[in-house]
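Open the model in your viewer and keep the selection tool at hand. This tour goes stop by stop.

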Amino acid sequence: MTGKEYRTITDVKGPLVFLNKTEPVAFGEIVTLRLSNGTIKNGQVLDTSDDLVIVQVFEGTSKIDREAGVTFMGDVFKLPVSTDLVGRILDGAGRPRDGGPEIVAEQKEDIIGAAINPYSRQSPNDFIQTGVSAIDLCTSLVRGQKLPIFSASGLPHNDIALQIARQAKLKDSDEEFVVVFCAMGITAEEYNFFRSDLERTGALENAVLFVNLADDPAVERIITPRLALTAAEYLAFEKDYHVLVIYTDMTNYCDALRQIGAAREEVPGRRGYPGYMYTDLAMLYERAGLVKGKKGSITQFPILTMPGDDITHPIPDLSGYITEGQIVISRELHQQGIYPPINVLPSLSRLMGSCIGEKTTREDHKSVSDQMYAAYAQGRELRGLVAIVGEDALNERDKQLLDFSGVFEDKFLRQTRDEDRSIEETLDLCWTLMSSIDTKYLVRLDQKWIDKYHPDNKA
Amino acid sequence: MSNEGVIYRISGPVVTATGMSAAMYDVVRVGHEGLMGEVIELHGEKAVIQVYEDTSGIRPGEPVLNTQETLSVSLGPGLLTQIYDGIQRPLPTLEKEMGVFITRGVDADAFDLEKIWTFEPQVAVGDEVVGGQVIGHVQETETIIHKIMVPPTANGTVKSIESGDFNVTQTICVLEDGTEMQMMQKWPVRTPRPFQQKYAPDTPLITGMRILDFLFPLAKGGAAGIPGPFGSGKTVTQQSLAKYSDAQLVVYIGCGERGNEMTEVLDEFPHLIDPNTGKPLMERTVMIANTSNMPVAAREASVYTGITIAEYFRDMGYDVALMADSTSRWAEAMREISSRLEEMPGEEGYPAYLSSRIAEFYERAGRVETLSGDDGSVTVIGAVSPPGGDISEPVSQGTLRIVKVFWGLDAGLARQRHFPAINWLNSYSLYPQSLDQWFRDNISQDFPEVRTQISGLLQIESELQEIVQLVGSDALPTDQQLTLEVARMIREFFLQQNGFHDVDAYCDIHLQYKMAKAILSFQDAAKSAMASGAQLNDVVNVPSRSDLMRGRFEKGYVDAIESMVDTMTAEIAATVEDN
Ligand SMILES: Nc1ncnc2c1ncn2[C@@H]1O[C@H](COP(=O)(O)OP(=O)(O)O)[C@@H](O)[C@H]1O
Ligand SMILES: [Mg+2]
């Protein structure tokens, strides 16, 4: 149903248009605006009453005047979905961007998405091997998990995300992921980097891209991830695909939220972001997982850049409260020339416990991971002490741990962008590196694994 | 005005209706789909409603119907083992009606109204009964006898009382004045259930977590806050409490947190055994899951739904423990609704009434004499999620003003993988005085003194550490180096407890005491050996000490520990001769 066109705009403010004297308009209804120069813009109802309707305009309000015609489309925002989505590139509002035809809808789905009933979820427990040692050993990724990358500007988070997208697989399986890629306000250069990499590896044929770039309307970013997740849910829960959703950059998304909040003159929360940002982010992140009786899955890999490298900034902070862990990229390691510069110490995978061990990775995984982590943490701490008291003041154990922290970064963390290490290779590498420490200091390793895997005993 | 009006405005979860007579907290049905909502503000002839389901697609002009009831929960046999959303709709029923995604407009009974229970009366015809009095019971689960009580507002003489098989809506008792009673009753969630009097708590809630029971004990009927940044262990701690604490009943509220965490509880609990009773854990548990992506208004209601259920079981004379993970999400739901109401904001955008709401909620904890003269309690443990981990924010501060126990989680400890990451230097419990007698009578006469020694050693360690940071530990005199060793043993052997370990995740309180004593025995033995010339290094490295420490991961430790301590002290004494 397409209703009549109103010319009753009273105010325009930021991304918002206010109008009155309409017939009853639904909350969340989709709106088109026709400008006097013929341009068409789209929007959505944010507030509706007998007297006043507030519309958020996705493409921004530039050139909108009080003469613009407003039509209410009678329905909430829906995305046409079908398996034809796979292999396509769409813009931030879901229109073809690759010159291809419109998507022929098999069905249309509300992009807000309904919450998965917690009772209907299934616990994720399939280990995904990313081939990146730091992740596989210390923050193991599980199919159906939401695990963000906390990065900052100028760091190689895109390379890491792409490496994971290329290499991620279930151990002993060649079941492939469909990648749903969602760009929010990134530069054309970054986008081209993603796109050409996906093209180069042939992954593009198995991917859906939703692209809102830095010079695209900021407000559109509010819907871009919802479109991407709607496509992901369709592919996963209707068509049995295992979907890997990469979205970047969540920071731009949150800034768009803040912009709308400011235009509505809402009382801001911390640092000007809306008080409901936690809930809003949860409505995206919680669209990951597995559900009972469905074969597919949604794994999410959101990327965010921490303003000022500050992990307590509301964007990483609220994300960390919702996601199932985080992978933290370190500027310090990056400056030392280490790729991937993952700081394992503040990184965490909350679901790791359920996916590692004898049946899935290897029996010694947990023990090795705990020991590598502990030894590295102690070694790093000793660097601080050495700076004060000098290396000579250290006892033998501390000296070994201090040296190990360097080896950990140089030999364990460091790998090339196309180096795909199996989990066995990663674990074997750990044993080799740990053998530089006296076994009596390796208190977190079970004796039975030392007997079986330590290079001294293997020979 | 009638009880039917029309929608005037919709702004997210807040809907305004006109033309309808309404009172505060009336439950209304909104729109053609009849979405459930609650009146939260009156403005002239406009009623402002918070709606418990998604409002997109709803239009001004659609009808609103006032049910003239207040938001209530159904109470009766069938509550246990259930998992509800914030407004007490069972999630399994929603799955049946809607599939795996929660859509809207579906009503669901809180429990099976047709299920037959065997009711055994405890009063006879002619007896005088008063509100809250137990008139009979059913065996609801293997562990829990569900007592059927006269609704708090009724009383009179029993005219007839049944015995045998009934469902929860059939009348089982009639009073002379014609009042009919069923096994199911309703209670408005925002009104605390009445009791005769509150007692001062005098019994600890034993949790099986050493740092909690030993250093910062919580009383049955008390309230505790667990603030901590993300990843510091709020949820693992809350889940451990739900598994191991010696409450008779547990109400677990997942308030605005992750879906998968509730799934985990649902997967795990049915296979777990309550270490206190040896019975399946699920049978003493009621769960409420209103996750972060479910409607915020229902999240706001979820804590009230939970605590009302807890009070109801308290009124039967049970010790109930309630966990709310996380109260910050509840506070944020209040903030979101308040901002839609365009209320004048207080600190950080929270409504001015935030701290009084927090206080009112925790005040519903307590150990009471019930209306029927029994002793029952509700213990409340609330997680708090301060932005950036900084507890100077309003929710943490509002909580700390009211709770008597503060278990402060520490990001630094979590990063060192010291779990539970509870900071022993800034956490506190204001209960020890009132609980010491219980510990003396039930565990050991010197329990409080042992606690004082242990926490004293941790204090001294923190002071010594400051010196070590500057000069290194080798520069300290050996007696202080020994103190550091003892403190390290306290931290690594006693305070650390892996919440996922098969054996060590739960530690019996008697064993806790023995472990603390073992540490002090080590200290004494080491001191006297060193006084006779033994070397610190030899003393610390006796193999029997690491055996003693590793023993906690084995079953049967409680029986073995004393002889392990003897072996250790003998070995330490022998280091003197070695010299
Ligand atoms: N008592 C504990 N024992 C072992 N691991 C723990 C414990 N507490 C927390 N952890 C670890 O820390 C992670 C985060 O804990 P969680 O309770 O989810 O934090 P929060 O709820 O504060 O965000 C867990 O996934 C687990 O790896
Ligand atoms: Mg948590």
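The stops below cover the interface, a ligand site and a sheet.

**Stop 1: the interface of chains A and B**

Remember that this is a predicted model. Colour chain A and chain B separately. Then select the residues in contact: 61 from chain A and 60 from chain B. Together the two chains bury about 5300 Å². Carbon and sulfur atoms carry 54% of that area. Now pick A:Phe27, A:Pro118 and A:Tyr321. In chain A these three lose the most area to chain B, together 14% of what that side buries.

**Stop 2: charges and polar pairs**

How many salt bridges does the rule find across the interface of chain A and chain B? There are three. For a salt bridge to inspect, select A:Lys292 and B:Glu95. Their closest N and O atoms are 3.7 Å apart. Widen the view to polar contacts: 30 residue pairs between chain A and chain B are in polar contact, with both residues at pLDDT 80 or more.

Next, select residues 314-322 of chain A, which form helix α7. This helix supplies five residues, the largest share of the side of chain A that touches chain B. By type, the residues on that side of chain A divide into 31 nonpolar, 15 polar and 15 charged.

**Stop 3: strands that pair across the chains**

Centre on A:Ile116: B:Phe101 of β9(B) stands opposite.

**Stop 4: ligand 1**

Which chains surround ligand 1? Both A and B contribute residues, so the site is shared between chains. There are 14 residues around the ligand. Show those that come nearest: A:Arg350, B:Gly231, B:Lys234, B:Val236 and B:Gly499.

Now check the distances from oxygen atoms of ligand 1:

- B:Ser232: a polar backbone atom is 3.3 Å from a ligand oxygen.
- B:Gly233: a polar backbone atom is 3.0 Å from a ligand oxygen.
- B:Thr235: an N or O atom in the side chain is 2.8 Å from a ligand oxygen.

**Stop 5: a sheet in chain B**

Four strands of chain B form an open sheet in the order β11-β14-β16-β17, with antiparallel pairing. Select the edge strands, β11 (128-129) and β17 (180-182) of chain B; each pairs on one side only. Follow β11(B) to its partner β14, residues 156-161 of chain B: two bridges join these antiparallel strands. Finish on B:Glu128, which stands opposite B:Thr157 in β14(B).

Notes: Residues numbered from 1 in each chain as written. Chains lettered and ligands numbered in written order. Predicted model: local features only at pLDDT ≥ 70, side-chain atom pairs only at ≥ 80, totals over all residues. Heavy atoms only, no water. Contact = heavy atoms within 4.5 Å. Buried area = accessible area lost by both parts, 1.4 Å probe. Salt bridge = Lys/Arg side-chain N within 4 Å of Asp/Glu carboxyl O. Polar contact = N/O pair within 3.5 Å; in protein donor to acceptor, adjacent residues only side chain to side chain. Nonpolar A, V, L, I, M, F, W, Y, C, P; charged D, E, K, R; others polar. Pairing = 2+ DSSP bridges. Near = heavy atom within 4 Å.
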